[in-house]
Amino acid sequence: MSSTFHVYFGPEALETRIRRRKIAPRDCLAALREGFDDFVTMPTHPVFVGVFYAIAGIVLVGLTSFSNALHLVFPFAAGFALLGPFFAVGLYEMSRRREKGLSASWRNAFAVARSPALASILALGLLLFFIFAVWIAAADLLYVWLYGPKPPAALPPFLGDVLTTGRGWTLIMLGGLIGFGFAALTLCLSIVSFPLMLDRDVGLVPAVVASAQTARDNPGAIALWGLIVAAALVVGSIPLFIGLAIVVPVLGHATWRLYRRAIERDPAHEVPIESPASAEDVTRNPVLRFVSIFLDLFQFLRRGEEWSPTEPDASNRNPKTGAANQRADAS
């Protein structure tokens, strides 16, 4: 019973107060700049978190294509963005470490697994998955209502029908309006909730309420943020989702920065930052082991590109001047 109460209301539900700030459109732009700065400062690790996000999107497209459900390809691609706030939790942790002056490596993204708020984070993640499933079901029902139960047999004739007929444009407009409703709901539920739970372990209900109230009190700024997120995801999705490898990490870091601007800090209730995952923790989990090997290999190759074989070995340089030491000829 107590653990369930912790998940929904946090360990100090009666004592913790969440104080919100008014934010303006300029705060959204500033958060985006700061998020990009985080991305530039920590380039290797967030890029690959985004790559996994992009790969998942490609897999979803492939599955829907081969299952003769071409009419759900766009709903899957658009609706997958509803899950972005959940998958970006590791990026929030990295930004949190950087703002405190701590070093950040890719292992810090997995420190969330040891957060006391993990159960609350997973609960909200499940809620987003449920919203995603309802969105897909609504898109399928809309198609059946306009086109009948038979799915499209091939992509070219389906696209031609959608773009050149009245029922196709009805599908586009109604689908867009329904998708906008789901996106707005997700934005209101998650604009600060995931970072808040990670930062202060306030529980699912207070975090979602604070997020909804933030959206209510700052409609202009939140609408601009939603527009920024939607536009960035569209641009990143155009080249077969590959652009999401950059877009998603930037938006993830920027979401943490926006949270810092929207919610007043309460150091007394902030959760201590977890140490990076140890090598033992990584090797115990087969998924983390694969990710570890992959990222370590990429980091090795990246360092190899930065080293030039024409330059003297750094170990043979004078520590003060940086010039190569000249060894006297013994002969």
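Predicted model: local features only at pLDDT ≥ 70, side-chain atom pairs only at ≥ 80, totals over all residues.
**Entry 1. Overall content.** I started with the secondary structure, which comes to 15 helices and zero strands. I then looked up burial for the chain. Of the 331 residues in the protein, 42% are buried. I also checked how far apart in sequence the contacting residues lie. Counting contacts between residues at least 6 apart in sequence, I found that 78% join residues at least 24 apart.

**Entry 2. α12 and α13.** I turned to helix α12, residues 219-237, and helix α13, residues 244-262. What is the angle at which α12 and α13 pack? It is about 165°, and the axes are 8 Å apart. Angles over 145 degrees count as roughly antiparallel, and α12 and α13 are therefore roughly antiparallel to each other. I noted the crossing of α12 past α13 as left-handed.

I listed the residues that make this contact. From α12 they are W225, V229, A232, L233, G236 and S237. From α13 they are L244, V247, V248, L251, A254, T255 and L258. Sorting the residues of the contact of α12 with α13 by class, I got ten nonpolar, three polar and no charged.

**Entry 3. α7 and α10.** Next I took helix α7, residues 118-147, with helix α10, residues 193-200. Their packing angle is about 165°, with the axes 10 Å apart. That makes α7 roughly antiparallel to α10. I recorded a left-handed crossing where α7 passes α10.

Which residues of α7 and α10 meet? On the α7 side I found S120, I121, L124, G125 and L128. On the α10 side I found S193, F194, M197 and L198. The contact of α7 with α10 has six nonpolar residues, three polar ones and no charged ones.

**Entry 4. Cysteines.** I looked for disulfides and found zero in the structure.

**Entry 5. Recap.** I set the two helix pairs down together for reference. The α12 and α13 axes are 8 Å apart, and the α7 and α10 axes are 10 Å apart. The contact of α12 with α13 holds no charged residues, and the contact of α7 with α10 holds no charged residues.

Definitions and conventions
Residues numbered from 1 in each chain as written. Heavy atoms only, no water. Axes fitted to C-alpha atoms, helices over the stretch in contact; angles between N-to-C directions. Helix = DSSP H or I, 4+ residues; strand = E, 2+ residues; numbered from the N terminus. Parallel < 35°, antiparallel > 145°, perpendicular 65-115°, else oblique. Left-handed = near helix turned anticlockwise from the far one by under 90°. Contact = heavy atoms within 4.5 Å. Nonpolar A, V, L, I, M, F, W, Y, C, P; charged D, E, K, R; others polar. Disulfide = S-S within 2.5 Å. Buried < 20%, exposed > 50% of the residue type's maximum accessible area, 1.4 Å probe, protein only.
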